[in-house]
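Please consult the sequence and the structure while reading.

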Amino acid sequence: MDAQAETEMPTGSVSDEPFLGPLDIILLVSLLAGTAWYLLKGKKKESQASQFKSYSIQPTTVNTMTMVENSFIKKLQSSGRRLVVFYGSQTGTAEEFAGRLAKEGIRYQMKGMVADPEECNMEELLMLKDIDKSLAVFCLATYGEGDPTDNCMEFYDWIQNNDLDMTGLNYAVFGLGNKTYEHYNKVGIYVDKRLEELGANRVFELGLGDDDANIEDYFITWKEKFWPTVCDHFGIESTGEDVLMRQYRLLEQPDVSSDRIYTGEVARLHSLQTQRPPFDAKNPFLAPIKVNRELHKAGGRSCMHVEFDIDGSKMRYEAGDHLAMYPVNDRDLVERLGRMCNADLDTVFSLINTDTDSSKKHPFPCPTTYRTALTHYLEITALPRTHILKELAEYCGEEKDKEFLRFISSTAPEGKAKYQEWVQDSCRNIVHVLEDIPSCHPPIDHVCELLPRLQPRYYSISSSSKIHPTTVHVTAVLVKYETKTGRLNKGVATTFLAEKHPNDGEPLPRVPIFIRKSQFRLPPKPETPVIMVGPGTGLAPFRGFIQERDFSKQEGKDIGQTTLYFGCRKRSEDYIYEDELEDYSKRGIVNLRVAFSRDQDKKVYVTHLLEQDSDLIWNVIGENKGHFYICGDAKNMATDVRNILLKVIRSKGGLSETEAQQYIKKMEAQKRYSADVWS
């Protein structure tokens, strides 16, 4: 544009004046050209600004902040805010809670902003005390084996490894965890304690949310006491009733050219058409599916073995890593939601943040269509949280429907109990809610604002790159169940995958994926003995481990004892990878210990086999410093297995209960005890 502006400058108007010499003419022309270029450039910038100031078509998730833009202190100062809410989020819940706190701050004269630690200069926390009556709140999820979320890792390392002076910083922490996991809320607990150690002032007690129960309830209960305490601390008063406010304004854009409309890209426009490495969460690789076969032989349930082709992608993986996949929502659910909102799903629109200081200009990539937003960007199968129901109540034509939604979204014990029964226990998603409250017809744009972002789904990789360098294998059970209301609910990702079958003569189906590195690793020396406990699809990473051990043996290396505990219902129905495992067993690669719970009158599980094998277990972990791995269900299996291990350590090692606990903690620190579990 600037080059074009230069070529269009008028130069002839001064060249006919006879009393100027050639040098004068050249200088004058240069001066006029420069001035005109500067003015025209300014006008062009102005016209561009006026053309686009109503919305931005920049990707919402890409970090393009300059040094000034990532200064949350400057944003607070320039906008008269005193509250900043940081989030550490892997699935979007912590980010959602942070947004709700920042939004509510207005009621308490604490105008707030939400901030992603990854996109901020967190050293500025030391300067927050200079803003009068300022407060930093941290909504932090714990991920994996007590780890911070990806976007919080740098901040976590920074406060962990630096002797900082946080005197004068006012703070509060709400942690998000799951009690079925060994390291329940480790990140929230640590940050709360560490900030106090560094001299910061805790304004309100640490909140701990349990995702195994109703984490929404934990958050609301904490929040109810949080705000009055904040008001007391700063000597401020609530401005009154809860005012429902829109965070984004709607701009319908029928005239936007089709090549500027997002069609499902995570961040960069056209990134799925023009693929460029490196591939990651913001730039997934559109991987062809080469194989999608059924692993169950009978029994009515389905388990898929899927192979993704990553040849030419420059993506690398190791056995134990995770494959993340971006799914799409069911077409029928999208259509039903559109009808209940009386929407034309092909309307092109943008939602624009009313907070002009926010780095998050849109809730998802815009401009796009409602159909794309509901298909690719929003969790329409998630159970709606109470703040969504509270806002939906305003769109009820019948007073009784409005009262009901207000009641179940209230903080009254009866309201909470009804929410648990009507939403949680009955597994009602947004579509079901609107179907069962027929007078509720919210505008589609408000629904798009309220629903959380559709998150990638993670699967333990079930192959070794040493054997399969150009393909990544995953093992996934098709999720499908009937609810108390008689509806059939389906898992978003596995339903999507189940439809992706390669057919002869047709292009291979493709799915956006990326690789997430893990700490779940085989020991570096192949001769180190290992025990792996993985019933059902918990077998997935161990299939990769066994392939790797087989590869080492074929290279002429000694491999240590490799014992696998696997369990399923029936040998004839759901013994996945049976032929492979039996072959590895015959060739001496793996010592196979298999439990089929329903093949005899009395049920037998992997835990029964472990209890029988205390000598073997102690030989591996106690006498030969081997590694112990668990993969699968966190709620029951993983807890039971850990307790059995403690029992073995106590009895065979001659240790007390406390000493046995310390023994496992030491194994964890040495990466000799690892769990890859889910609830």
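The model shown here is predicted. By class, the residues that line its second largest pocket comprise 12 nonpolar, nine polar and eight charged ones. This pocket holds about 710 Å³ of space. Its lining consists of 29 residues, and those closest to the centre of the pocket are Pro 535, Gly 536, Gly 567, Cys 568 and Asp 633. Two or more lining residues come from each of the elements β20 (562-568), α19 (606-612), β22 (627-633) and α21 (634-653). The greatest contribution to the lining of this pocket is that of α21, which supplies four residues. At the level of domains, domain 2 (274-326 + 456-518) and domain 4 (530-677) each provide at least three residues of the pocket lining.

Two cavities of 30 Å³ or more are found in a search of the whole structure. The largest cavity contains about 50 Å³ of space. Its lining is formed by Asn 214, Glu 216, Asp 217, Ile 220, Thr 386, Ser 410, Lys 416 and Tyr 419. Two or more of these residues are given by each of α7 (215-234) and α12 (413-425), and α7 gives the most, with three residues.

Asn 283 is placed in the loop between β8 (248-252) and β9 (285-294). Is Asn 283 buried or exposed? Its relative accessible area is 11%, and therefore Asn 283 is buried, the cut-off for this class being under 20%. Leaving aside residues up to four places away in sequence, Asn 283 touches Arg 268, Ser 271, Arg 276 and Pro 278. Val 266 is 17 residues from Asn 283 along the chain, and the C-alpha atoms of the two are separated by 6.8 Å.

Finally, the confidence of the prediction should be considered. The chain has an average pLDDT of 89, and 89% of the residues score at least 70. Over residues 1-20, however, pLDDT stays under 50. The value also stays under 50 over residues 35-68, for which the model has 52 contacts beyond four places in sequence. Where pLDDT is low, predicted coordinates should not be read in detail.

Conventions. Residues numbered from 1 in each chain as written. Predicted model: local features only at pLDDT ≥ 70, side-chain atom pairs only at ≥ 80, totals over all residues. Heavy atoms only, no water. 1 Å grid on protein atoms, 1.4 Å probe; cavity = no way out; pocket = protein on both sides within 12 Å on 5 of 7 lines; lining within 4 Å. Points joined across faces, edges and corners; volume = space filled by probe spheres on them. Nonpolar A, V, L, I, M, F, W, Y, C, P; charged D, E, K, R; others polar. Domains from an automatic or database assignment. pLDDT = per-residue confidence, 0-100. Contact = heavy atoms within 4.5 Å. Buried < 20%, exposed > 50% of the residue type's maximum accessible area, 1.4 Å probe, protein only.
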